[in-house]
Amino acid sequence: MVLLYTILSICGICYLAVTNPKRRRAFDLAVLSERRWIWPARLSVIVPFLFLVFTANWSGLSIWAGAVTVLGWIVAATSPHQISAIKRVVARIVLEATARSSAAISNVLNNENAISGKLSLLASKQDLSKAKKKIRQLEGKIAKLEKKISEFEIDGKHAEVDDGPSLKIVKN
Amino acid sequence: MISLSQSKTKRLVAIHGWSGTVLGLLLYVVIFTGAVAVFEREISVWSQGGTQYSEGIGRKIDRLFRQHAKEIDRKYYEEIFIARNRSGDFRFSFQTHEKNPATDTLEDKAVILTIDEETEQVVSRWEGFLSERAPDRGDTLSRFFVDIHVQLHLPNPYGLILVGILGLMMMAAAISGILIHRHLIKEMFLPVRPRKSMVSARDLHNLAGTWGIPFAILLAFTGVFFSFATTLGVPIMAMVAFGGDQQALIESVQGTAKVLDKTPASLASLDYIIKDAINRTEGAYVTFIGIQHYDTMAATVRVNMATIDGQLSGNVFGYEGVSREFTGEKPLLGQVPSLGSSLIGIIAPLHFGSFAGIASKTVWLGLGLAMAFVSATGMLLWTKRREDQAIWREFHKWIYVVIWGLPVAMMVSAYAFFLTLPAGDPGWWVPASFVIASLVIIGACLMKPFQEDAFRRLTGIMAVGLPLLRHLTGGTSWSESILTQGQGVIIAIDVVLLALGLILLCWKQIKQSSRTMSAQPEPAE
């Protein structure tokens, strides 16, 4: 909870620092045209203080006050140029990290595609071998049938041959 | 806004500047080592290794205590203290008061047993006058840092008095700072103007001072209390109110000693007392047990509890030793709870920042470093303004030597500790190496012009090398510290040192890239 209060207070301090007209003038930044919400920012510091006092959380109050002192000083001592430099460094790190991770992901995906291609090729090869086997079986059957037909023709007899349900040859 | 006449402001500026500059280098040393000493316990665990870092006395201490107490001479039953040492072992200290032939004064004489919790065997036994007892070898490094902070490693009471005076000077600087900064609240967001040496230095000092003033006063006041309470406070109060009789003062504050019934009687179960104390504090653990007049009808037990969430200091409970009757909460000062006693009770946690574990210690480290920054920038500003005078120009250089030389000398003492711990005597080598390093730095800076960059690189190299040396000299490994001891302190300090070292070594590149980034125009939205 103390951490939340500290974050809340530091957000308020950051807002006060960023929108401070004297600082903006000193750092050659444009004067803000919109309204400056000073009191909500101040309340972000006052409310946690009062809450910690009224709940008699003395250790929490001490930590909060110490943390706000140190972090508030750091915020106030950091110039907008330094902040923008930090932002750019962070942005560059994030961009580089994103680019590297996306490259890594695409590599993985490419590898996946290659693998799936290989797998489908393998599957098609297996299918082909199955088909060949089937063809060989069928060719064998056809050869048997042709042999039987030729025997019938030699004997000069008319016969009716039933070679399974799908193949029916009637010879006159 | 505080309105002051020009002459008053001038006088206050003089007080502010002189109080921060005269002995300012020593004040900087005290503040910086104080910031590091906040982590005294953690440094101790990190440096000695092999520790369990367990806190609190469990409920099953009674049998173990009685088993070892019966082997101790009864004359040591006057006062007994039970606690854990830094290694997590139990420490039973049996004490009496005897005249020390060496000093011809009444002193505490003790038998101290260190007992392994697992095996219940005595790890070490020490007997003698407490004033002659050397600190544990493993604690040498952390104790040394504390010693510099507390008394600049000078003999008692001169060190304490000197540090107390430095604290008073810090308070004077802080209070005069409040008065001379007319727009204290407005200056909280004072822009630090770049590239204007003097103005920029003043802005930096004013800004850090403005934010840090409340804690500067708090830390200085509590520090002064510790320095002067025993060295000056008690004798002066005794002189003023009791005609110099310190015993009468102590009896007036703590109560007159009653006639003791020394009839032999068995002490009630400590396990019961511990259980009762834990129930009274919603689960806080027991940190310390004090038994007076053990095995007699006059026996009393004092139980110190750990700080519970939201509070700054732990409770202290009293029990009758034989009947185990709860006699109430014991104030630190006097016989009954009072505002004065409560205020005395919070001085230690507010100065040490030890009331909420690592969280409060980290914040206090930040505050300490912020105070050191204010002190250093103040001295630099004061001397910069007077650089037309040779003496101030020279002093300006020595401020940089102390700012950079102090961490180097502290690290040299840490190196000496690790190198001498396995075979030598770190108790001698740690302070000796600090002094040698300081003399070498001073000598080098006398012969050659001061080079900040060289010091930065040296500090960086030493910071990176320290965890490696710790590991090479048999320190606890990272896996061991996590898997078998369940503590991240060792890894955390190693990582902080490595990160600090790398930052210092890459400082130029970081600064360069920051400048390049600042110079680049903002990208279009």
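Me: Which residues of helix 2 of chain B are the buried ones, and what makes a residue buried?

Reply: They are B:Gly24, B:Leu27, B:Tyr28, B:Val29, B:Val30, B:Ile31, B:Phe32, B:Thr33, B:Gly34, B:Ala35, B:Val36 and B:Ala37. A residue is called buried because 20 or more other C-beta atoms lie within 10 Å of its own (12 or fewer is exposed, in between is partly exposed, with C-beta atoms placed from the backbone). In helix 2 of chain B, 12 of the 14 residues are buried, so the helix is mostly covered. Bear in mind that this is a predicted model, where local features need pLDDT of at least 70, side-chain atom pairs need 80 or more, and totals for chains, interfaces and linings use all residues. Residues are numbered from 1 along each chain as its sequence is written, and chains are lettered from A and ligands numbered from 1 in the order written.

Me: What covers those buried residues of helix 2 of chain B?

Reply: The cover includes helix 1 (6-21), helix 3 (40-48), helix 5 (140-151), helix 6 (158-180), helix 11 (357-385) and helix 12 (390-420) of chain B. Helices here are DSSP runs of H or I with at least four residues, strands are E runs of at least two, and both are numbered from the N terminus.

Me: Why are helix 1 and helix 3 of chain A called roughly antiparallel?

Reply: Helix 1 (residues 2-19) and helix 3 (residues 38-54) of chain A pack at about 155°, with axes 7 Å apart. Roughly antiparallel means an angle over 145 degrees (under 35 is roughly parallel, 65 to 115 roughly perpendicular, the rest oblique), so helix 1 of chain A gets that label against helix 3 of chain A.

Me: How do you know what kinds of residue make up that contact of helix 1 with helix 3 of chain A?

Reply: They divide into 10 nonpolar, 3 polar and 1 charged. Ala, Val, Leu, Ile, Met, Phe, Trp, Tyr, Cys and Pro count as nonpolar, Asp, Glu, Lys and Arg as charged, and the others, Gly among them, as polar. Among those in helix 1 of chain A are A:Tyr5 and A:Leu8, with A:Arg42 and A:Val45 among those in helix 3 of chain A.

Me: What makes residues of chain B count as touching chain A, and how many do?

Reply: Two residues are in contact if their C-beta atoms, placed from the backbone, lie within 7 Å. On that basis 30 residues of chain B are in contact with 29 residues of chain A. Helix 11 of chain B gives the most to its side, with 7 residues. That side has 20 nonpolar, 8 polar and 2 charged residues.

Methods. Axes are lines fitted to C-alpha atoms, for helices over the stretch in contact, and angles run from 0 to 180 degrees between N-to-C directions.
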